Amino acid sequence: MAQARGAKLIVLLIPTKEHAFGPLVEAAGSTVLDSLLADERALWALLQSSLTAAGIPYVDGAAALQASFSEGTQPYPIDTDGHPNPVGHRALATAIADRLWMTGRTHRTIEPDTICLGVSAASGGWCRGAWLRDGPGWS
């Protein structure tokens with residue numbers, strides 16, 4: 001039914017906290033995570049190559065979270081919790097929205113703290129406190 005309505009599958013690859021922090025840990029000269037990072041990178045490469053071979057598009061969540069570090073924001077809690085914090089969730093949501101926006105599959109508002117995915121803007125829909133405007137891919 002979703003396919004008949006033009007829906008497309010896009011997979012979001014969400015890394016472990018260790019995988020996301022990997023480049024920073026290595027840049028600091030630490031080797032404590034070497035074995036874990038090697039395993040995770042091998043799995044990440046396998047996932048990406050398998051999705052590519054199957055023709056399934058994906059969004060690299062590791063790149064989005066690592067970009068947060070580069071911009072000076074912390075996408076994870078500063079404790080042992082491996083789940084992204086609101087900054088991390090926003091980075092992941094923005095990566096998805098950017099991917100969908102590039103393919104003309106959704107409208108992305110430019111209002112602060114508002115990203116709307118999969119909501120038709122054709123009728124001026126309402127999404128999380130912001131009226132949507134027409135965007136590419138909407139008829």
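User: What should I know before I start?

Analyst: This is a predicted model, so local features need pLDDT of at least 70, side-chain atom pairs count only at pLDDT 80 or more, and totals for chains, interfaces and linings use all residues. Residues are numbered from 1 along each chain as its sequence is written, and side-chain values use heavy atoms, with hydrogens and water left out.

User: OK. How many helices and strands does the protein chain have?

Analyst: Four helices and four strands. Helices (H or I, at least four residues) and strands (E, at least two) are DSSP runs, numbered from the N terminus.

User: And what pattern does the chain follow along the sequence?

Analyst: The pattern is β-α-α-β-α-α-β-β.

User: What share of the residues counts as buried?

Analyst: Of the 139 residues, 32% are buried. Buried means under 20% relative accessible area, exposed means over 50%, and partly exposed is in between (1.4 Å probe, protein chains only).

User: Let's go inside. Which residues make up the largest nonpolar core?

Analyst: Eight residues: Ala20, Phe21, Val25, Leu65, Phe69, Tyr76, Ala91 and Leu92. A nonpolar core is a set of buried Ala, Val, Leu, Ile, Met, Phe, Trp, Tyr and Cys residues joined through side-chain atoms within 4.5 Å.

User: Which helices supply at least two residues each?

Analyst: Helix 1 (17-27), helix 3 and helix 4 (86-102) do. Helix 1 gives the most to this core, with three residues.

User: Which residues of helix 1 are buried?

Analyst: Lys17, His19, Ala20, Phe21, Gly22 and Val25. Helix 2 and helix 3 are among what covers them.

User: What comes after helix 1?

Analyst: Gly29 follows helix 1, and its phi is positive, near 90 degrees.

User: New topic: rings. How many aromatic pairs are there?

Analyst: A search of the whole structure finds two. Rings of Phe, Tyr and Trp (its six-membered ring) pair if their centres lie within 6.5 Å; planes under 30 degrees apart count as stacked, over 60 as edge-to-face and the rest as tilted.

User: Is Tyr76 buried or exposed?

Analyst: Tyr76 is buried, with a relative accessible area of 1%. Phe21, Phe69 and Tyr76 form one aromatic cluster.

User: What else does Phe21 touch?

Analyst: Leaving aside neighbours within four places in sequence, Phe21 is in contact with Phe69, Gln74 and Tyr76.

User: Switch to packing. At what angle do helix 1 and helix 2 pack?

Analyst: At about 125 degrees, with their axes 10 Å apart; helix 2 covers residues 34-53. Axes are lines fitted to C-alpha atoms, for helices over the stretch in contact, and angles run from 0 to 180 degrees between N-to-C directions.

User: What do you call that angle?

Analyst: Helix 1 is oblique to helix 2. Angles under 35 degrees count as roughly parallel, over 145 as roughly antiparallel, 65 to 115 as roughly perpendicular and the rest as oblique.

User: Which residues meet there?

Analyst: Glu18, His19, Gly22, Pro23 and Glu26 from helix 1 meet Leu36, Leu37, Glu40, Arg41 and Trp44 from helix 2.

User: Tell me about His19.

Analyst: His19 is buried, with a relative accessible area of 8%. Beyond neighbours within four places in sequence, its contacts are Leu37, Glu40, Arg41, Trp44, Ala62 and Gln66.

User: Last one: is Ser68 buried or exposed?

Analyst: Ser68 is buried, at 5% relative accessible area. Ser68 lies in helix 3 (residues 61-70). Not counting residues up to four places away in sequence, Ser68 touches Thr73, Pro75, Val87 and Ala91.

How values were computed:
Contact means heavy atoms within 4.5 Å.
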